[in-house]
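Colleague: Before using this model I would like to know what stands behind the words used for it. Please set each value against its definition.

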Amino acid sequence: MRRCVSPILSVILSLMAASAAPGAQTSWPTFRGANGTGEAPGGLPPGDGPLSLELRWKHALGSGYAGIAIAEGTLVTAFTEGQQDFVVALDPTTGEQRWRYPLAPIYPGHDGSHDGPISTPAIANGRVFALSAWGHLVALELASGTEIWSTHLVEDLGSEKPYYGFGSSPTVAGRTLVLQVGGKAGSVAGFDVATGKLRWRTVEDEIGAQSPVLTELAGKRQIVVLGGARLAGVDPEDGAILWQIEHGATQNAMGAYTASPLPLGNDRLLVKLDNNQTAIVKVTAGAAGMTASIEQTSSGLTKSYSPPARAADQVLGYTARFLSAVDSESGELLWRSRDPGDGFPTVVGDQLAVLTKTGALTLGPAGADGWQETTRLDLFEDLAWTSPSYADGALYLRSLGEIARVDLVRETGAQTARAGKRRLPKALEALAASLEGTDQTSIAVDAFLDGRSLPLVDGEEVVFIWRGPAQDVAIAGEMIGMRTEEPMQRLPGTDLWWWSTTLDRHARISYLFFVDYEPTTDPTHGRTTRSTILGADMNWNRGEGIAMSWFAMPEWPGLELLASDGDARTGTAGTLDSLELSIQPPAPDDGEAPEPITASLPVWLPAGYEATDQRYPVIYVSNDTAREAGGWRETLDRVSGTTAAPTIVVFLELRVRGQGQILAEQIVPAVDELYRTIADRDHRALVGMGWPGSGSAVTAFRHADLFGVLGVQSFFALEAEMAEIHEAIGDRDASTLPLRIYLEWGRWDLISPHEEMNFRVSSRAVWELLREKGWQPIGGEVWDSTDWGSWSNRTGVLLEALFPLAGRASDLGGWLTSAP
């Protein structure tokens with residue numbers, strides 16, 4: 001720890017600043033406001049006229065998730081620029097910079113996150129307290145940015161950095177600065193605000209991005225903390241645990257691992273627990289001390305990182321990507337709305353302000369009857385991942401590239417800005433014209449749709465149509481990305497809903513509708529596929545996946561294959577055997593080896609295997625869904641011995657830690673012993689798609705003595721997987737390690753548009769890495785998307801590329817979006 005300013009001088013400066021500070025009701029001194037509730041109870045402009053949003057100023061600001069603190073006449077936040085993360089102070093009136101402080105080296109985004117600080121600074125009594133994602137904790141003079149003291153959570157306290165970096169926002173409670181720091185010595189720490197000296201440390205628990213909240217419960221002012229396993233109340237003076245409960249949450253990435261408690265009043269808290277569960281907790285005081293119990297649980301306000309806000313007798317926030325309200329007494333879901341879009345709410349008086357992830361600021365009444373937008377300002381062009389702050393009649397907002405002040409202004413008869421409707425597509429203009437002046441709208445729609453194939457295609461414009469009774473309809477799919485969907489428009493006076501987009505004439509995409517929030521395939525045709533990557537909420541599949549419809553444009557190269565239905569390429573059916581193995585999973589680094597498991601692995605044997613003594617190449621397929629969802633057996637029966645060499649195929653239908661090591665050390669030797677394989681690397685291939693694809697590549701390079709052939713469709717990789725493939729390749733290249741490689745990815749491969757996650761980009765990066773190293777992979781970007789709806793269209797091409805047979809019938813060239 002370093003101390004740079006005399007504590008006595010610091011106190012004098014604090015008192016001077018406090019004497020000039022505005023009232024607490026108009027400040028936003030820390031994460032989620034003065035009360036930790038995401039609300040500013042008063043401060044709306046006087047008068048009764050409608051409110052509008054007026055941009056006061058907007059300036060460039062580097063990336064970061066840190067919120068904005070406004071108090072004592074100063075705005076403070078944190079951001080990244082170049083190779084450095086900074087704390088910055090701005091003039092709230094003009095946005096001009098007063099000072100900046102170099103907080104730490106840049107914290108680079110990884111595994112879907114963006115660059116920059118996560119923690120929101122706190123302002124109290126002339127000081128600023130800020131935490132870097134690396135663990136640098138500092139106290140600065142609010143007036144000048146001069147460092148008062150600093151310490152490091154990892155180096156000085158022995159804390160362990162959470163996976164995405166330290167994200168806890170500091171809270172000031174009297175003479176104690178409280179922070180969730182993690183570590184075996186205690187997950188919550190109290191520091192002396194004047195000196196930075198550690199005063200206490202308590203509550204053994206795991207932390208992610210949770211922040212402590214100062215509130216009063218059962219007559220006692222206390223700090224409430226939510227951890228990976230516990231919810232606890234702590235005395236900020238000495239760190240004594242006043243009460244704690246184990247909440248039992250397990251699947252908690254969007255729950256207890258990242259959320260913070262929300263005080264509801266009446267000695268109650270709302271806490272996010274699992275990804276699918278919130279709870280209302282009651283704290284009571286008795287003769288034996290304080291106790292806490294879960295009163296209610298709910299599925300409202302789940303599946304979202306967005307922190308909710310309190311509004312009178314309800315809580316407003318997000319359930320998945322839908323703005324929602326829950327009753328603060330019962331936890332009952334009152335309503336949800338697709339508008340205004342996924343974002344971050346803040347309550348100001350009786351108004352709700354929402355900054356959407358796409359950069360729109362919207363305002364509407366914070367009522368119990370649903371969302372009613374009254375005004376909107378398209379504020380940022382880039383992504384926004386930070387809740388609005390409010391002070392002195394103004395909202396302060398930031399995106400990943402800008403920061404702005406927007407004033408709330410009373411209008412005197414002027415019209416407020418409203419969101420516009422999407423342009424009616426040309427393909428529906430004739431229908432709209434036929435509806436004018438008639439009350440027979442259903443008949444007119446029937447006549448229009450009669451004989452037309454859906455979706456409608458007009459050049460490169462595609463119009464998706466849902467028809468039927470509904471209050472809300474949306475569309476999701478690979479043309480949009482995961483974790484999001486687009487609202488569909490209702491054609492006035494009808495039950496027809498539409499959404500249009502532009503697609504290349506070679507496109508093929510999977511999609512589905514959400515009808516009153518329920519996923520539904522397109523009933524107008526029977527083209528369906530099952531996603532093994534995504535679940536029912538268009539998030540990662542944590543169960544059985546989801547059925548989706550699919551659609552191809554007129555020039556999609558797979559249409560010819562569908563039309564031929566494999567004519568002139570029909571081989572002889574192979575047989576399916578079963579390999580029973582006792583597998584010993586590897587021991588973890590810090591523990592004993594687990595018990596052996598019994599695995600039954602399907603093994604496809606080519607036609608005639610039993611009738612000859614011929615030996616065959618062998619392919620190991622890492623995806624446990626390839627045989628059934630991927631249709632591999634049917635494709636093998638079709639192409640084996642006709643356009644691809646006959647092979648033995650082992651389906652690795654097991655999910656176990658250390659699968660690559662198990663494959664190399666236990667499965668490959670067993671297969672070579674029990675089946676007639678050509679037991680050399682040139683005749684042994686490893687194949688995978690999506691996440692197993694990147695894992696297969698790493699295994700193939702780590703065990704290059706075993707595998708000389710590699711096939712990957714869609715190289716799913718975030719920073720960790722990219723680091724693994726670089727490490728696995730090392731300093732080797734094509735001159736020292738010959739490999740035959742097939743690598744493809746879809747033009748509409750999986751992306752998450754609100755995050756740094758784009759597997760088209762990761763696949764191309766690996767393609768370029770391989771070519772830089774001298775390998776000449778077969779493949780490239782293809783006219784398709786992702787998952788088995790895409791991959792299975794080229795299973796035959798993949799097999800022919802790995803082990804070709806003279807006179808192969810398939811040609812990848814038609815699939816490629818451009819020459820390799």
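This is a predicted model: local features need pLDDT of at least 70, side-chain atom pairs count only at pLDDT 80 or more; totals for chains, interfaces and linings use all residues.

Modeller: Residues are numbered from 1 along each chain as its sequence is written, and side-chain values use heavy atoms, without hydrogens and water.

Colleague: How do you know that the radius of gyration agrees with a compact globule?

Modeller: The rule is 2.2 Å times the number of residues to the power 0.38, and the radius is taken over C-alpha atoms. For 820 residues a compact globule would come near 28 Å, and the chain has 30 Å, so the two agree. The C-alpha trace spans about 95 × 75 × 50 Å along its principal axes.

Colleague: What share of the residues is called buried?

Modeller: Buried means under 20% relative accessible area, exposed over 50% and partly exposed in between, with a 1.4 Å probe and protein chains only. By that cut-off, 58% of the 820 residues are buried.

Colleague: How many helices and strands are there, and what makes a run count as one?

Modeller: The chain has 11 helices and 54 strands. One of the helices is helix 5, residues 632–639, with Trp632, Thr635, Leu636, Asp637 and Val639 buried. These buried residues pack against elements including strand 46 (597–605), strand 49 (684–690) and helix 11 (795–802), where contact means heavy atoms within 4.5 Å.

Colleague: Why is the pair of Phe322 and Tyr517 called edge-to-face?

Modeller: Rings of Phe, Tyr and Trp (its six-membered ring) pair if their centres lie within 6.5 Å; planes under 30 degrees apart are stacked, over 60 edge-to-face, and the rest tilted. Phe322 and Tyr517 have centres 4.8 Å apart and planes at 70°, hence an edge-to-face pair. Phe322 lies in strand 26 and Tyr517 in the loop between strand 41 and strand 42, so the pair ties together parts 195 residues apart in sequence. Both Phe322 and Tyr517 are buried.

Notes
Helices (H or I, at least four residues) and strands (E, at least two) are DSSP runs, numbered from the N terminus.
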